[in-house]
Amino acid sequence: GGPNSAYGYGFIMINLPAGPLGQREGVGIHAGRANRGGPRYGTNGCIRTTEKAMQVLEADAPTEIIIQE
């Protein structure tokens, strides 16, 4: 895909713990939708970032993600 596609270039999978309905698959970090606000454009559980950030993340992928409000 390109910068305006659903996922952009690259995808880093996030392995989530199983919940009451089982394992959630297909969740990760990706870019995309640059023409619709990029990181501000909603996802279905993923973390959306910029293409430039994805290049950095793919060179040194995170091993832990902490979500805070």
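Me: What does Glu 51 touch, leaving out residues up to four places away in sequence?
Reply: This is a predicted model. In it, Glu 51 touches Gly 2, Pro 3, Gly 8, Tyr 9, Ala 31 and Gly 32.

Me: Where is Glu 51 placed?
Reply: Glu 51 lies in helix α1, which covers residues 51-59.

Me: Which side chain of opposite charge is nearest to Glu 51?
Reply: That is Arg 48, 7.9 Å away. Glu 51 is buried and has no salt bridge.

Me: What does the side chain of Glu 51 reach, then?
Reply: The backbone nitrogen of Tyr 9, at 3.3 Å.

Me: OK, Tyr 9. Where is that?
Reply: Tyr 9 sits in the segment before β1, a strand at 12-13.

Me: How exposed is Tyr 9?
Reply: Tyr 9 has a relative accessible area of 48%, so it counts as partly exposed.

Me: And which residues does Tyr 9 touch, not counting those up to four places away in sequence?
Reply: Gly 1, Gly 2, Pro 3, Glu 51, Met 54 and Glu 58.

Me: Changing topic: in what order do the strands of the sheet come?
Reply: The order is β1-β2-β3, in an open sheet of three strands with mixed pairing. The edge strands are β1 and β3 (47-48), each pairing on one side only.

Me: Do β2 and β3 run parallel or antiparallel?
Reply: Parallel. Two bridges join β2, residues 28-30, to β3.

Me: Which residue in β3 is the bridge partner of Ile 29?
Reply: Ile 47.

Definitions and conventions: Residues numbered from 1 in each chain as written. Predicted model: local features only at pLDDT ≥ 70, side-chain atom pairs only at ≥ 80, totals over all residues. Heavy atoms only, no water. Helix = DSSP H or I, 4+ residues; strand = E, 2+ residues; numbered from the N terminus. Buried < 20%, exposed > 50% of the residue type's maximum accessible area, 1.4 Å probe, protein only. Contact = heavy atoms within 4.5 Å. Lys, Arg positive; Asp, Glu negative; His and termini not counted. Salt bridge = Lys/Arg side-chain N within 4 Å of Asp/Glu carboxyl O. Polar contact = N/O pair within 3.5 Å; in protein donor to acceptor, adjacent residues only side chain to side chain. Pairing = 2+ DSSP bridges.
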